[in-house]
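Subject: Structure for you to look at, with notes

Dear colleague,

Please find the structure below, together with the sequence. My notes on what was found follow it, and I would be glad if you read them alongside the model.

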Amino acid sequence: MASTVNLKEANGNQSSWDTLLPDFPKGPLCKYRKKASFNWKEMAVFLDGEDIIQLKNRIFSALENDPFFAHRPGEDLSREKYQELTFLRCKRLFEYDFLTQQEIIENPLKIFNMVICIGMYDWSPCLQYFLHCGVFAGTILSASNRFADLLGKVFNMEIFGCFALTELSHGTNTKGIRTTATFDRSTQEFIINTPDFEAAKFWVGNMGKHATHAVVYAQLYTPDGQCQGLHSFIVQIRDIKTLLPMPGVMVGDIGKKIGQNGLDNGFAMFHNVRIPKENILNIAGDVTAEGKYSSSFKDVKERFSASLGSLSIGRILITAVSATNLKLALSIAIRFSATRHQFGPTDEEEIPVLEYQTQQWRLLPYLAAAYVLDYFSKSLFENFVEFFAGLLTKQRSQRQADLGREIHALCAASKPLSSWTAQQAAQECREACGGHGYLAINRLGEIRNDNDPNCTYEGDNNVLLQQTSNYLMGWMNCIRDKVPFESPLGTINFLQDYHHILGRKFTAVSVEDCMDSSVPLAAYKWLVCYLLRESDLKLKKEKQSGQSDFEAKNNCQVYYCRSLAIAFIEQTVLQRYHDYTHDPNIPSALQTVLKNLSALYGLWSLSKHLAVLYQGGYVSGEQAGRFIQNAILELCYRLKDDAVALVDVFAPPDFILNSPIGKASGELYKNMWSEILQGNKALNRPSWIIFAK
Ligand SMILES: CCCCCCCCCCCCCCCCCCCCCCCC(=O)SCCNC(=O)CCNC(=O)[C@H](O)C(C)(C)COP(=O)(O)OP(=O)(O)OC[C@H]1O[C@@H](n2cnc3c(N)ncnc32)[C@H](O)[C@@H]1OP(=O)(O)O
Ligand SMILES: Cc1cc2nc3c(=O)[nH]c(=O)nc-3n(C[C@H](O)[C@H](O)[C@H](O)COP(=O)(O)OP(=O)(O)OC[C@H]3O[C@@H](n4cnc5c(N)ncnc54)[C@H](O)[C@@H]3O)c2cc1C
C-alpha cells in the first residue's frame, strides 16, 4: 500500500540547509555528531521540507522572544497563576496568527506542525488554543456553514469555546450521556437540562474558568417524547463581558490534575437553559419547525457515528502529540546518555552510558518508534484531510463512508499505541537519566505527566481498541466466503490473502536475514491473520456456550481481540514506514539509517509477541527467537553512533526543550549548575526556621 506523505526532495545543498538550520554549539556532543553516518540537516530537510522548517523556526523564535513565554527557573507557579499565564499565552498565540487560512488550505500539514511546535513548549496553552479554535470551532465548521458569524468571533477571540461530551458518570460510554435537549415547538428553542449532578458535564477543557460557549452533547427529545439519540448543540455558558454564568448554568473548575495544570478543566450543569433551534449542530440530524425529526442517515448506528465523527481528528492529533512527547523525552535522554560517563574498562577511563548495551536497548527502540509514529501520524492526518474535504462538500458516497470507518478504526488504535509508547518511553528516559532525570528542571516528569491523559481522553485506550478489533472482525464474513474486498486506504487488503498467509512460516536462517523490516512485516501479517482467526473462534465458542453477545464479546478481549487490534496497528504503522523507507527516491545518504530504524521498530515491537508467534507455530525452535533478539541488539549497536544526530533532527531549540541535561551543547554539568544557581531560592536561608534556644 502506498503511503500518502510524499517523499520530499532533500533538495538544496549544505549552505541552504545551514541557513535554515544553524549549527549546534561546540561541546561534548561533538564526538557523537562526528560519528554519525548522515548529515542531520539533510535528514531534517528531507523529512519536513523547507517550508515546514521555516514555519517551525518562525514559531519557535516568536515564543523565545516573547516575555509572556519566558521561563522562570526555580519559580513554583501556583495553579491559579499557571492558568492565568496559560490564558495570556493562548491570547498571544492568536495575536501571532502564525498561519493564514490560505496557507492551511495549501498545506494542511502546517496546522499539524503548529500544534506540535506549540506543544513542545507546553501542552497547556497548546491544548487551550486548539480546543477553542480546533475542536470547538472544527466541530461547528464540519456541521454547517450557518455559523459563519460565530466562527468569526471564535477567531477574533471575542468568545471562547470548549467541547463538552463527558459527564461525571459517563465518558467513554457516550451512549450513556444523559444531558437532554428537548425541542419546544412553541418558542422554536431547545431546552438543555442536566437531570442530576451525576450527569453534569465534567472534565471539559477550557470550561473551568474561561469558556463562554460550549459544544454540548445531549440526547435530543422531540415533542412526541421520542429520544432521537446523541446530538450536539452550541450553548452559551458565560457572559462574554463579565464571564459570569448564564442563567440556568452552574459552571466551575474541577481542580488540580496530575499534569496539564495550566489548562482549566471544568464542570457544568444546565437547568432549563433555552437555546435557539438553529444552535443544533445538524451533523447527524435536525428537527423541523413542527418538531419532526429528520436525518439523512438511514439508521441509528450511522447517525451515532456521524455525531461522533469529529473525534477522529483529535485521536489522530493525539497520536502525533504522543509521538512529540516521545521526541522530547528522547532528546533529553539521548543527549544525556552521550555525555554522562560512568564506569569504564579501566579505572582511568569512564565511558558514556550510551555505550552500554543495556542503555542502547532501553532507548534506541523508542528512538525508532519516534520516527515511525511521527511518519504514521502525518500520513493519517493527510488521510483525514481527504475525509474532511468530503465532509465539507457534503459527499455521501460509499467511499466517503468507508473512509470514515477506516480512519476511525486506525486512529482508535494508533492513539493507544502512540500514547502508551510515549508513556513507557517517558518513564524509561527518566530512569535512563538516573537521579538527574528526576529533577523537575530537566522536564522528564512534566513530559510524563502531561502525556499521561493521552491514554485516556478522546476515549480510554483499552475501550478504543475494541473499535479496531470490531472493524477487523467485521471482515470475517468476506474472508470466510472468499468474497473480494478492499478498503479506501488499503490497510485491510492483505486480509484477502488470509488463508495463504496463515500457512506461512518464519524463514530467516541468520541474524543478518532479519535486519530488514520486511521480516517483521511478514510476521505481523501472519500474526494479524492468526489473531483474527483465534478471536473469531473464541467468539463463536463463547456464544455456543450460551453467553449473550455482550458477555461473549467481553470474554474475547484479553489475548484475543485486544491483541488483534494492537498487532494490526503495529503492522499498519510498520507497513507505511517500510514502504516509505524502501522507496528508491530516498536520498542515498539517508537510506541505511532510515532502513535500520524501520527494522529496529519492527523487530522490537514484534518481539513482544514472540510467545504468540511460537504458540501459533509461525516460528519454531530456539534459533528463531535468538535471531530476532540478536538482530535487535545489532541494530541498536549500529544506530548508537547515529543516535545523537537522529535526535538533533527533531529536537526543538534549547529554549523550547527547556531541559539543562538535554541542551544541544551537551555541557551537561555546566548547564545544570547554572540553572540551579539561577533559581532565586537556591541559596536562600529558610524563613521558617526557628531553632530552639
Ligand atoms: C483543508 C483543511 C483541513 C484541516 C483539517 C482539520 C484540522 C483541524 C485541526 C484541529 C486541531 C485540533 C487540535 C486538537 C489537539 C489535539 C489534542 C486533543 C486534546 C483532547 C482533549 C480532550 C478532549 C476530549 O476528551 S473530548 C471527549 C471525548 N470523548 C470520547 O472520545 C468518547 C469515547 N467514546 C466513543 O467515541 C464511543 O462511544 C465508542 C467509540 C467507545 C463507541 O461506543 P459504543 O460501544 O457505544 O458504540 P459502538 O456500538 O461500537 O458504535 C456504533 C457504530 O459507530 C461507529 N463509530 C463510533 N465512533 C465513531 C467515530 N468517531 N467515527 C466513525 N464511526 C464511529 C462504530 O464503529 C460503530 O460502527 P459499526 O459499523 O456498527 O461497527
Ligand atoms: C486531562 C483530561 C482532559 C479532558 N478533556 C475533555 C474535554 O475537553 N471534553 C470532554 O468532553 N471530555 C474530556 N475529558 C474526558 C475524557 O474524554 C474521558 O475521561 C475519557 O473519554 C474516558 O472516559 P471515562 O473517564 O469515563 O473512563 P471510563 O470509560 O469510565 O473508564 C474507566 C476504566 O474502565 C475501563 N472500561 C470502561 N468500559 C470498558 C469496557 N467496555 N471494557 C473494558 N474496560 C472498560 C477503561 O478501560 C478504564 O480503565 C478529559 C479527560 C482528561 C483526563
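Predicted model: local features only at pLDDT ≥ 70, side-chain atom pairs only at ≥ 80, totals over all residues.

As to confidence, the mean pLDDT of the protein chain is 95, and 98% of its residues reach 70 or more. The exception I would point out is residues 1-9, over which pLDDT stays under 50, although the model has 22 contacts beyond four places in sequence for them. For the complex, the predictor gives an ipTM of 0.97 and a pTM of 0.97.

Let me begin with ligand 2, which is surrounded by 23 residues, the closest being Leu165, Thr166, Gly171, Thr172 and Gly205. At least two residues of this shell come from each of β1 (161-164), β4 (201-205) and α15 (461-473), and it is β4 that gives the most, with 3 residues.

Thr166 itself is placed in the loop between β1 and β2 (180-184).

Ligand 1 has 40 residues around it, of which Gly134, Thr174, Ser305, Tyr457 and Gly459 come nearest. Several helices each supply at least two residues of this shell, among them α8 (123-143), α11 (311-339), α13 (398-432) and α15, and α11 gives the most, with 7 residues. The shell around ligand 1 divides into 21 nonpolar, 15 polar and 4 charged residues.

Turning to the domains in the record, UniProt lists residues 162-273 as "domain: Acyl-CoA oxidase/dehydrogenase middle", in an unreviewed entry. In the model this span is 0% helix and 44% strand, and its end C-alpha atoms lie 17 Å apart. For residues 309-473, UniProt gives "domain: Acyl-CoA oxidase C-alpha1", again from an unreviewed entry; here the chain is 73% helix and 2% strand, with the end C-alpha atoms 21 Å apart.

How do the axes of helix α12 and helix α23 cross? The axes of α12 (residues 357-392) and α23 (residues 621-640) come within 9 Å and cross at roughly 90°; angles of 65 to 115 degrees count as roughly perpendicular, and α12 and α23 are therefore roughly perpendicular to each other. At this contact, Gln357, Gln360, Trp361 and Leu364 in α12 meet Leu633, Cys636, Tyr637, Leu639 and Lys640 in α23, and the residues involved divide into 6 nonpolar, 2 polar and 1 charged.

With best wishes

Note on methods. Residues numbered from 1 in each chain as written. Chains lettered and ligands numbered in written order. Axes fitted to C-alpha atoms, helices over the stretch in contact; angles between N-to-C directions. Helix = DSSP H or I, 4+ residues; strand = E, 2+ residues; numbered from the N terminus. Parallel < 35°, antiparallel > 145°, perpendicular 65-115°, else oblique. Contact = placed C-beta atoms within 7 Å. Nonpolar A, V, L, I, M, F, W, Y, C, P; charged D, E, K, R; others polar. Near = placed C-beta within 6 Å. pLDDT = per-residue confidence, 0-100. UniProt positions renumbered as here; feature names shortened; annotations may be inferred.
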